[in-house]
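Here are my notes on this one, jotted down as numbered points. Have the model open while you read.

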Amino acid sequence: MNPVRKTQWLGRPFPRIEAGLKVAGGIRYLDDMAFGPDLVYAAIVHSTRPHARLVGVNTAPAQALEGVLAVLTGRDVPGRLGHALADRPILAHDRVRYVGEPVAVVAAVSPELAVAAAQRVKVTYEDLPGVFDSEKALRPDAPLLHPQVDEYERRAFVHPRAGTNLAHVCRARRGDMEAGWQAASTVLADTYRGAPIQHASMEPHGAVAQCHPDGTITLWASTQAPFVQQATIAQTLGLDPRRLHVRAAAVGGGFGGKSFVSIEALVVLLALALPGRPVKLVLQRAEEFTTTFVRPALLAHVRMGADRHGKLTALEAHYVWDAGASADALIELAWAAALAGTGPYAIPHVDLTSSVVYTNHTPAAPMRGNGMAEVHWAIEQHMDRMAAALGMDPMSFRLRNLIKGGDPVWDGQVMHATGLEQCLRQVAQAVRWQAAPGKPSSAGRRRGRGLAVMWSPVLRHMAISATAVVRLESSPAAEAIQPVVVEVGSPDTGQGFATLVVQLVSSLLGVPPEWVQLQPIDTARSSFSGPGLGGQLTWSQGNAIVRAVQDLRGRLLSAVAQAWDEPPGALDIVEGVIHSHASHRSLSLRQLVQEGVRLADGSVLRPELRGEGRFEPTAPDEAGDEQALGVVHFSTGAQAVEVEVDLETGTIDVLHIASAFDVGHALNPDLVVAQIKGGAMQALSATLFEQVRRADGIPLNVRLSDYHLATILDLPPTIEAVVVEVPQGDGPFGARGVSDHAGVGLAPAIANAVAQATGVRITAMPITPEHVWRALQT
Amino acid sequence: MRHEITLHVNGHEHRLQVESHHTLLDVLRRQLGLTGTKHGCDCGECGACSIWLNDRLVLSCLVLAAEADGAHVLTVEGLAASGEFAHLQEAFIEHHGMQCGFCTAGFLMAAAALLRENARPDAATIRAALAGNLCRCTGYHGILRAVQTASRMRR
Amino acid sequence: MCILKEDGRLLEFHFSDEAGCLHTFDYVRVRDVNEAIALLQAAPGEVRPLAGGTELVPALQTGRLPVRCVVDIKGIAPLQELAYRPDEGLYLGAVVTFDRLLAQPEVRRLYPLLVEAARQIASPAVRNRATVGGAVCVAAAYSDWLPALLCQDAVGLVMGAAERRIPLAEFVCGDGCTRLAADELLVGLWLPSPSGAAVGSYQKLRLGHGSRITLVGAAIQAHAHDGQLQDWRMALTAVGPKPFRVSAAEALLNQENPTAAVIAEAVLRAQAAAAPTDDFRAGADYRRAMVGVLVRRGIETVLARVRGAKP
Ligand SMILES: Cc1cc2nc3c(=O)[nH]c(=O)nc-3n(C[C@H](O)[C@H](O)[C@H](O)COP(=O)(O)OP(=O)(O)OC[C@H]3O[C@@H](n4cnc5c(N)ncnc54)[C@H](O)[C@@H]3O)c2cc1C
Ligand code: FES
Ligand code: FES
């Protein structure tokens, strides 16, 4: 059956299904759920040292408080968490590796008491020398965070180096570097730095766990990846995964910060210690900065060569990621950086290395774009500098080198069709790239424009298979609708995925959207799905849904076709009614569900009312050639900005943002545009303001007043989104994801615009006024 | 220490036992189950807990419940029930003024407070009125357009 | 949870106070100044006045403050007073909110600098609660409110065992530090009438437009008499342990016509008076340089405003 046969509800605006509830305050996030009078509250005892031996943890003063029900320490919990590399204790064992690391956890009858009890736990440390810089961490004399890293459990594509702080290193190569440098007339090398930032979803992390009399445990969590949590926690605690049911609450933003296990294992532990009682932990804002995840700091060494005609000949880059005390969440990011570390360019000779390094910082996890924002910060600034060195216009230089459909990528793999060039042309036009710079609003200010292109890979490594189930359920006769229940494994974290599911199912099955009901996710019942990183959600989960609907539809139509003695091809479902083009008979789905369909002999046929879809990309050959198997497809796009810089203070006003992304097929154009604009502003905030500041591992700005996030006052007067659609062969209806990488090109575009306006180049994020001012002084 | 207070919340009177340290946010969420008002930072820095206290926009995490004895409180649930700002709610839906929705109640309360005082605010006034509310998802453009649209729809 | 730190001088990271006290404080609402003072005197240091609560309420949540009782002073009538008398000046009761201040016609007409600074403080929801007295008692080194008040020669009216009048420049003695004794109350601020038609400008530099933390602030005010500007006032914030007036620069501007050269000299004097330190928010050299930019812009803005242009 051709999947693109019915797109009634696709490709056009469709309101967000849960919007009505959201504007009435009716959506229940984790902290809004009621758990009854037995609810117990947890609080974490954090490490106050960046690196120290744990000499003692005295819990007695906490336990002495009335109303304190349990205090657990690392002694109670062996094992380490990790889904690719098990390198993170749930509670510190013999040493602490970052400020904010959970050392103990307390459960008490009120939240205030839990905090007070946590404050009474006495921890004795013996300080160890720390490492606070990924480059210093790689020196031979650097103190080691995980001396036994090579003994940790890990997946085959993780490559730690014993006796070093290198948790993982991967490399992607093609061509012959010598030849590449020889062919170059211009070679330029430099280093770029990306700052550690925090995902800072407005809803903090939270989780509740309860151990039931039958031995099963329910974990309710604000999570982007319920199945990852189930598998990882069960494995670490030595539980049968079937005993642990993870239920996803509505999620108030995640951006990657909720794609792994952070605090959820702590409440599971307490629930096991306090059978029957639900245990709740909701983080304070400061703990978000210290105890969950941060986007990793990046150090990017880039060396690029081009010939006299402006063709790129060679690129060598080393991306060094500051993993903090745990590298588990960065393994796939490191692979993405290696496999997409050229930026979207056709370069014959390439040598890319991506290293994940332990330091005494809060563990890092990808944030929106899976490392691509950081990689493009380096590559896309370097492209502008190459253009300048070659005396070329940055746009023409890019056009000359953009990767096109059919260009080779890695061994045996070629680039698919892409709207990349169209994206670049569109954003350039939007900011009037060819025109002279606009007149600044006053003397002492200068305007500049900048642009950047990007790509972002969907990796096979991350693409743990996705499944979906679609069923028709019987409902009370009084109701007018025929429920179509859909089970998927990935929650909607705000990007509008649930709305997309409703559009897909109603269009494909041929039923009104109101009939489609998305089941809340419960790993005990729902269909498995991976963590949804790197724009993988639309692709893998979308495909699984398409297949599930096709499966159901096929069952229904073939049963009816059999009963009516017609070819299935003559039948169709429109608005919930099965019609025959041939005989003009019809039968409502509702009737089919309730009564079945009568055969010629008078007997009743009841088709199975359930369809299942699995989407399982070919598994990577873990022992074989990893780089060739790595990338499923690339999403591409471009961003351009106009800025005005105050030369005296260094303050930057972004006046105009134009973003264009090739989304394959915009299944819901309004949602796509909303994602693109939201992603751009999040990136603006990261580019201009955000940095987790630390002094020798001690966090300095753990409040939102000192960790400035863009406000509505920072919104540029003009912000536009252009949707480019070059269908993706293996995507559902040709669609690609966009929400994950919608901000990737913005930071270098701003840096390029600032350089054009001022003549100075800022290679370290964020581009604060002080940074600009300092650069202007020299 | 315990206090007995009276609160008029969304038009209903409640007699409540509260502790001195409980904030108005705690009481609305925990005792009254009005969870539409969100807890994003507990120190006035995110705006998710915005409500109206005696018809003024305030951050409920910065008010002790005991301080509010006898006061009238309006939360997003009350705003929605009254229907008075239905056009604002609809504009938020139409212009994608929300994604994850965690910040939405705070923005609605702040925007409604603005529109009540100034039926036709210009863009700069809207921005100033919403400057204390953070949104990590939408990038604010949909929110700005929603409030602009609502101000045009208001009779 | 709370973080014990002093800007830039951080020794160790604490999530919470070692002692970790439970929330056992009481809340009392009073209507009378003497009642409030009696309570403060009963257990000095352990009884805290509560005004708008924008600073105090979050601090109380941490369980870290050694507080046994908070006294809500918002209901005390004299503290709510907001009155202007041409012969005496402006009386600002300590619990007047910024929002109320901004709505007062005389304030808007006669104290443009106060208005410009207050408008840049926080957001509407905070300005609806935060009080003008609370901001003085918080005495933040990067306050936007103190420099504007300093330029009015404001005087703090204090009641406790005795009544005291303390000029604001003395009232605040450092970052977070005031001369107020633990059993005293700031009842109000008295601002003398301006010596002419006041023209002012508050220049504020921050990381992003909505950022709460001022990196450097400069308040400039002058008074017009028949088109002539006299009685210049200048105060800086976030470039020392407390906001302060720059009398050397004021003296120069009062003596000479504000030509470009004179402004340049005033800038140098302001920079010389500044004592910024390095912290994670900004470097000292940047702050010092910005004092120069903001002071010059402030003076130029005042001059332009007096000429009728409105930049
Ligand atoms: C989100 C946010 C943003 C802010 N942005 C800015 C900004 O941009 N610029 C700026 O300058 N400031 C800013 N502030 C600070 C704000 O101005 C102060 O928090 C506020 O003015 C304090 O007043 P309050 O009435 O709330 O004080 P409270 O919190 O009630 O009290 C603060 C302290 O002062 C004491 N106190 C209060 N009143 C008296 C009195 N009359 N006598 C004796 N002691 C007293 C209290 O005991 C307490 O210790 C911001 C604050 C917040 C929360
Ligand atoms: S919770 Fe009140 S402002 Fe953040
Ligand atoms: S919609 Fe998610 S924070 Fe605003």
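Predicted model: local features only at pLDDT ≥ 70, side-chain atom pairs only at ≥ 80, totals over all residues.

1. Now the domains of chain A. The assignment gives domain 1 as 19-26 + 464-615, domain 2 as 33-128 + 205-282 and domain 3 as 297-461 + 621-777. For domain 1 and domain 2 of chain A, the C-alpha centres are 38 Å apart.

2. How do domain 1 and domain 2 of chain A meet? The contact involves 14 residues of domain 1 and 16 residues of domain 2. About 1,300 Å² is buried between these two domains of chain A, with 65% of that area coming from carbon and sulfur atoms.

3. A:Arg247 and A:Asp522 form a salt bridge, with their closest N and O atoms 3.8 Å apart. There are also two residue pairs in polar contact between domain 1 and domain 2 of chain A. As for composition, the side of domain 1 that touches domain 2 in chain A has six nonpolar, six polar and two charged residues.

4. On to chains B and C. Here 25 residues of chain B touch 26 residues of chain C, and the buried area is about 2,000 Å², with carbon and sulfur atoms giving 59% of it. In chain B, the residues that lose the most area to chain C are B:His21, B:Leu62 and B:Glu67, which together make up 29% of what that side buries.

5. B:Glu67 also turns up in a salt bridge: its partner is C:Lys74, and the closest N and O atoms are 2.4 Å apart. In total, four salt bridges are counted between chain B and chain C, along with 11 residue pairs in polar contact. Strand E4 (56-59) and helix H5 (123-129) of chain B are the elements that give two or more residues to the side facing chain C, and E4(B) has the largest share, with four residues. By class, that side of chain B has 14 nonpolar, five polar and six charged residues.

6. Finally, the inside of chain B. The chain is split into domain 1 (2-79) and domain 2 (83-154), with C-alpha centres 21 Å apart. The contact takes 18 residues from domain 1 of chain B and 16 residues from domain 2 of chain B. Between them about 1,400 Å² is buried, 64% of it from carbon and sulfur atoms.

7. One salt bridge is counted between the two domains of chain B. B:Asp55 forms a salt bridge with B:Arg116, at 3.8 Å between the closest N and O atoms. Five residue pairs are in polar contact across this interface of chain B. Strand E3 (50-53), E4 and helix H2 (76-82) each supply at least two residues on the domain 1 side, and E3(B) gives the largest share, three residues.

Technical notes: Residues numbered from 1 in each chain as written. Chains lettered and ligands numbered in written order. Heavy atoms only, no water. Domains from an automatic or database assignment. Contact = heavy atoms within 4.5 Å. Buried area = accessible area lost by both parts, 1.4 Å probe. Salt bridge = Lys/Arg side-chain N within 4 Å of Asp/Glu carboxyl O. Polar contact = N/O pair within 3.5 Å; in protein donor to acceptor, adjacent residues only side chain to side chain. Nonpolar A, V, L, I, M, F, W, Y, C, P; charged D, E, K, R; others polar.
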